[in-house]
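This report describes the strands, sheets, cores and selected residues of one protein model. Please keep the sequence and the coordinates at hand while reading.

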Amino acid sequence: MDKKAQDQSMLASLELLYDVSREIAAALDLRTVLHRVLFLSMKNVRAISGSIIVLDGNQQPVESAIITGSQLHEQTTQQLRITYERGLAGWVIRNQKAVLVPDTSQDERWLRRPDDDAERTGPKSAVSAPILARDHLVGVMTLVHPTPGFFTQDHLALVRAITDQAGVAVLNARLYAESQRQTRAMTALAESAATITASLKTDDVLQQILEQISQALQVEVVSLALIDPQTQELVFRAASGEKGPNVIGIRLAPGEGIAGWVAREGIGIIVPDVRQDPRFLPTVDKLLNFVTKAIACAPIRLRGEVIGILQAINPKDGAFDPDALQVITGIGGLAGTAIHHAQLFERMEAAHQRYRELFEDSIDPILITDLEGRILEANRQVAMITGMNRESLLNTMIDHFQIVDQAELGEKFEKLASGETTSYETCLKAEGGREVPIQVYVRNVFIDGISNLQWILRDVTERKNLDNLRNDLISMIYHDLRSPLSNIVSSLDVIQALMPQDSDPAVEPLLDIAIRATERIERLTNSLLDIRRLEAGQSIASRELVSPTSITKEAVKNVLPIVENKNQEITLLIEENLPKVWVDTDMIGRVLTNLLENAVKHTPAGSTIYLGARLEGNQVIMWVQDNGPGIPPDERERIFDKFSRLHGRGGPKGLGLGLAFCRLAVEAHGGQIWVDDGPEGGSNFKFTLPTQMD
C-alpha cells in the first residue's frame, strides 16, 4: 500500500474512532451505548451481525446486545449465555485476547448452531475482542461476515481500537445502570415498607406484599406461602394473577420443589428456566393448568428464622432484571415482621373481642377500676342492678355501691398485689335503695400494660335465703327435740334405776340401745346449738385441763356399739405422758366422736380404725385414720363447710354439719383441723389443741 493509501486508511480509522467517541459520550444508558457501538463497528467493518456481552465485577453477563442485519434483538442476555460459556466470546473473555477466525467451520472455538449448516448460511468469518477499561475486563464484542476469509488483521486491529475506545464508556454506562437499578430497588423496598406496614390486617398485609412484588418485578404471578408450625409444610396463603386463587391451600412437604428448597436452605434464588432445574415441581403446573417458565424465590424471615417464602413467576419481559433477587429478598425481610405484627394484632383483637363478649354477656355484674377504686368499665348487668347508665358509672368510686372489706383487700388494695383472687361478702346498694347480698371476687388484672382491679359481684340472695331456711329448720328441730328429749332421758334414767336385779335378760340390752340413741341425739342437738353460738362469735365459756387419753376413751365408748356391729377395731396410738389440754371437754369429746363415726361409716367391715395423739411443740395433735375411699385434694377444704357432703346420693346419709361443727369447735380453741391421705389409703383427719391456759 502506497503512502497516500495508508494516510487515507489512517484518516478513516481516526474518523471512525472519533465518531465512536462522540456517539458513546452522548449517552449514559447502557443499552443505548451498546447499540451505538455495535452499529458503528458493523458499519465500518461491513459485518452482517454482531453482539456485545457486558460483564459485571465477577465477570458474569449482566447485559448484552445482538444486531442481525438492521434488526435489533431484545432480551438477549440469556440467549448469549451459552456463547459466553462455550463459544468464541467465552474464549476471548477467559484469555482476554482478541481473535480473528477466517473460517468458522474450521475453528473449534466457534459454537456451531443449526444456522451454520452449509445448506443454510454456511461458514463465516468472525472477529472478537475484549472490551477493557483501565485493564479491567468489562465485556466482549464479536462481529461476523458471511464470507469466509473476509476479515483481515486490519479489521481485527480496528475492532481492538474500537473496543479500547469504548471500554470506559461501557464501564461507566454499566456502573450507571447498576446505580439506577440499585436506586429502583431501594425505592421499591422503601415504597414496599411504607405500604406493607400501613395495615394491621393479615389479609391486607399479604395482598400488599403481592402487589409490591408484582409492581417491582413485573411478573405474571406472585405467591406467598407460610410454614405450618405443626407439620413444617409450606402452605400457600395468598397469590395474585388469574390462576392465583387456585394456588391457595396447596401444601408442599419440607424441601419439596423450588419453594421448599428455598424455605429449607434460607437462600433466595432466580431460576431463569425451570425446565433445566431438577428442583422444579411440575405437578403444581399440571394441577393448575399453568406453565411456569422462570421463578424468583426468596425466604420470608422473622428474627432470623424462615417462616415462609415469596415466589415471583414468569417476568413479563421474558427474563428477570439483575436486581430482581435483591428486591424480592428485601421485601421478604419486610414481610416477615409485617405478617407477624398483623397476626399478633388480630390475635389481640380476637382476645379483646372474646373478653368484651364475656364481659358484656356475663350474668354477674363486673366492674373494672383503677388502683384507687375509680370505675373505668362496667358491663350491662351493673347498669341494670344499679339503675345508672354507663356514662354515669364511669369515674364513680367502687365504694359508692358496696362496703369494701379493707381487712381482706388492704386500705389501698395492697393485698391484691400478689395476683391472687380475694373474696368477701357484703351488700350491694341497688336501684331504689334495695340492698342485695353479694359475694365479691377481686383480682389484679393488667389491661394494656396498666394494673387495674376486676370486681365480680355475684348475687347470693338465693343462697342466703336457703341458709336462713336451713338455720330456721335446724333451730326448729333443736327446740322441738330438746324438750321431749329431756323427758325421754329422764324416763330412761328412772326405768334403769327401778329395774330389779332379776329382770328379764332381754330387757337390759334394749334399754342400753335406747340410752345410747338418746345420748347420740343429745350430742347432735348440742352440736347444733354450738354451731349457732360459734358462728355468732361467742367464746368458749367452760374450759378445763383434761387428759387427752380420757377424751379418747370416752369417744371410743360412744362409738363402740357401731364399731362392733361392723366387726371393726379401733387401735389407740397415744403417746405416754402427754400433757393435759385446755379445752371444753364435752365439745372436744363430740369432735372426736364425730370423726370416729365418720371413719366407721366410710371404712369397710372388718377393718381397723386408728385413733392417735402426740405432742408437737406446745400443742397436742390428735388424729383419726381410716382406710376408706379417701378425699380428693380439691375437696379437702370444702368438706368442712356447712351442708357439704362429698359422696353424694350413693354414700352415707347426713346433713353435712358434723365436720362443720368440728372445724368451728377446734378453731374456737385456737387449733387447726385438716385432712391428709392415710399411709395405706383412706383419710387421716388431724387437729391440734392447746396444752396450757391462755
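How many bridges join S16 to strand S17 (residues 450-459)? Ten bridges join them, and the two strands run antiparallel.

## Basis of the model

This is a predicted model, in which local features need pLDDT of at least 70 and side-chain atom pairs count only at pLDDT 80 or more, while totals for chains, interfaces and linings use all residues. Residues are numbered from 1 along each chain as its sequence is written, and side-chain values use heavy atoms, with hydrogens and water left out.

Helices (H or I, at least four residues) and strands (E, at least two) are DSSP runs numbered from the N terminus, and two strands are taken to pair if DSSP finds at least two bridges between them.

S14-S13-S17-S16-S15 is the order of an open sheet of five strands, with antiparallel pairing. Its edge strands are strand S14 (375-378) and S15, each of which pairs on one side only. Neighbouring strands of this sheet are turned on average by 30° against each other, direction ignored; for such angles, axes are lines fitted to C-alpha atoms, for helices over the stretch in contact, and the values run from 0 to 180 degrees between N-to-C directions.

Strand S15 (residues 422-429) pairs with strand S16 (residues 435-447) in the antiparallel sense over eight bridges. Along this pair, Ser 423 stands opposite Tyr 441 in S16, Glu 425 has Gln 439 as its bridge partner, and Leu 428 is bridged to Val 436. The two strands form a hairpin with five residues between them, and Gly 432 in the turn has a positive phi of about 80°. On the S17 side, Val 445 stands opposite Asn 452, and the hairpin of S16 and S17 has two residues between the strands, with Asp 448 taking a positive phi near 55°.

## The six-strand sheet

A further open sheet, of six strands, has the order S3-S2-S1-S6-S5-S4 and antiparallel pairing. Strand S3 (71-73) and strand S4 (99-101) stand at the edges with a single partner strand each, so one side of each is left without a neighbour in the sheet. The twist averages 15° from one strand to the next.

Within this sheet, strand S1 (residues 49-55) and strand S2 (residues 61-68) run antiparallel and are joined by seven bridges, and Val 54 has Glu 63 in S2 as its bridge partner. Helix H2 (residues 30-45) lies across S1, S2, S3 and strand S6 (136-145), running at about 40° to S2.

## Nonpolar cores

A nonpolar core is here a set of buried Ala, Val, Leu, Ile, Met, Phe, Trp, Tyr and Cys residues joined through side-chain atoms within 4.5 Å, where buried means under 20% relative accessible area, exposed over 50%, and partly exposed in between (1.4 Å probe, protein chains only). The largest such core has 42 residues, and those with the most contacts inside it are Val 591, Leu 596 and Phe 687. Helix H17 (residues 585-602) gives the most to this core, with eight residues. A second, separate core of 31 residues includes Leu 38, Ala 65, Val 138 and Val 170.

Contact means heavy atoms within 4.5 Å, and by this criterion, not counting residues up to four places away in sequence, Phe 687 touches a set of residues including Ile 588, Val 591, Leu 592, Val 620, Met 622, Val 666 and Trp 674.

## Cysteines and positive phi values

The structure holds zero disulfides, a disulfide being a pair of cysteine sulfur atoms within 2.5 Å. Cys 427 is partly exposed, with a relative accessible area of 34%, whereas Cys 662 is buried, at 0%.

Most residues other than glycine have a negative phi. Arg 46, in the loop between H2 and S1, has a positive phi of about 60° although it is not a glycine, and Arg 46 is exposed, with a relative accessible area of 56%. Asn 567, also not a glycine, has a positive phi of about 55°; Asn 567 is placed in the loop between helix H16 (548-565) and strand S19 (569-574) and counts as exposed at 60% relative accessibility.
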